[in-house]
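Dear colleague,

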Amino acid sequence: MPLKGISQQVAILKYNGGGDWYANPTALPNLIEFCNLNIHTSILKNPETVEANSIDIFNYPIVFMTGHGNVIFDEIAIDNLKNYLISGGFLHISDNYGMDTYIRSALKQIFPNEQLQEIPYTHPIFHQTYNFEDGLPKIHEHDNKPAQSFGLFYEGRLICFYDYECDLSDGWEDAEVHNDGIEIREKALKMGANIIEYAFKN
């Protein structure tokens with residue numbers, strides 16, 4: 001999928017369960033602006049919102065998911081998300097602290113025979129336009145654990161990228177939201193750009 005040319009659209013995933021899927025409202029618009037300026041994408045500046053059980057999800061090469069709480073997918077959403085991912089879609093999940101237990105259970109419903117795997121530093125997602133030799137950058141403290149990246153793979157292709165103990169999407173927000181310095185925000189935006197670039201190409 002080309003990075004430039006025809007305009008692309010990306011979306012925020014709306015899910016059930018009470019978790020705040022709408023968290024970090026400035027994050028994705030800032031990432032889109034960064035990508036259009038720096039890696040020559042042509043993404044429409046205002047992301048859409050798509051429900052997990054909607055066929056409209058197939059309009060987006062990548063969807064983004066975040067929140068702090070519970071995640072519930074009904075049977076329609078489970079089938080829909082599975083079909084979307086195995087047919088070429090990509091899901092980025094950013095653990096906005098408090099989501100981990102719920103998202104792992106929800107992903108197990110979609111892919112009961114697959115395990116989240118830690119993604120090695122050598123994976124191409126860390127070596128797109130921006131090079132992250134040590135893997136996922138640490139953006140927010142959370143429980144003071146190292147940042148980790150986990151993924152689901154289908155026929156060798158990474159279809160879901162989950163940043164844990166990192167909170168990339170917080171790093172994409174307006175600077176005054178978390179009082180992050182320029183260096184932290186730049187790392188988060190560059191890693192986000194790599195994720196978009198990888199999803200568009202694969």
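Two strands are taken to pair if DSSP finds at least two bridges between them; helices (H or I, at least four residues) and strands (E, at least two) are DSSP runs, numbered from the N terminus. This is a predicted model, in which local features need pLDDT of at least 70 and side-chain atom pairs count only at pLDDT 80 or more, while totals for chains, interfaces and linings use all residues. Residues are numbered from 1 along each chain as its sequence is written, and side-chain values use heavy atoms, with hydrogens and water left out.

I begin with strand S4. S4 joins S7 through 4 bridges, and the two run parallel; His-92 has Phe-161 of S7 as its bridge partner. S4 also pairs with S3, again in the parallel sense, over 6 bridges, and Thr-66 has its bridge partner, Ser-94, in S4. Between S3 and S4 the chain passes through helix H2 (residues 75–86), and this β-α-β crossover is right-handed (with the strands pointing away from the viewer, the path from the first strand over the helix to the second runs clockwise).

Strand S4 (residues 90–95) is largely enclosed by the rest of the structure, because 6 of its 6 residues are buried (buried means under 20% relative accessible area, exposed over 50%, partly exposed in between, with a 1.4 Å probe and protein chains only). Both of its faces are covered: Phe-90, His-92 and Ser-94 are buried on one side, and Leu-91, Ile-93 and Asp-95 on the other.

Next come the nonpolar cores (sets of buried Ala, Val, Leu, Ile, Met, Phe, Trp, Tyr and Cys residues joined through side-chain atoms within 4.5 Å). The largest comprises 34 residues, and Ile-62, Phe-90, Ile-125, Phe-161, Leu-168 and Met-191 have the most contacts inside it. At least two residues of this core come from each of helix H1 (27–38), strand S3 (62–67), strand S7 (157–164), helix H4 (168–172) and helix H6 (182–201). H6 gives the most, with 9 residues. Another core, of 32 residues, lies apart from it and includes Trp-21, Tyr-60, Ala-77 and Leu-85.

Two individual residues may also be noted. Ile-39, in the loop between H1 and strand S2 (48–51), is buried, with a relative accessible area of 4%. Ile-39 and Lys-190 are 151 residues apart in sequence, yet their C-alpha atoms are 9.6 Å apart in space. Ile-78 belongs to helix H2 and is buried, with a relative accessible area of 13%.

Grid points are joined across faces, edges and corners, and a volume is the space filled by probe spheres set on the points.

The whole structure holds 1 cavity of 30 Å³ or more. The largest cavity contains about 70 Å³ of space, and its lining residues include Tyr-15, Glu-51, Phe-73 and Ala-77.

The largest pocket has a volume of about 180 Å³. Its lining has 17 residues, of which Ile-12, Ala-23, Asn-24, Leu-28 and Thr-66 lie nearest the centre. H1, S3, S4 and H4 are the elements that give two or more residues to this lining.

With kind regards

How values were computed: On a 1 Å grid over the protein atoms alone, a cavity is a set of points where a 1.4 Å probe fits but cannot get out, and a pocket is an open set with protein on both sides within 12 Å along at least five of seven lines; lining residues have an atom within 4 Å of a point.
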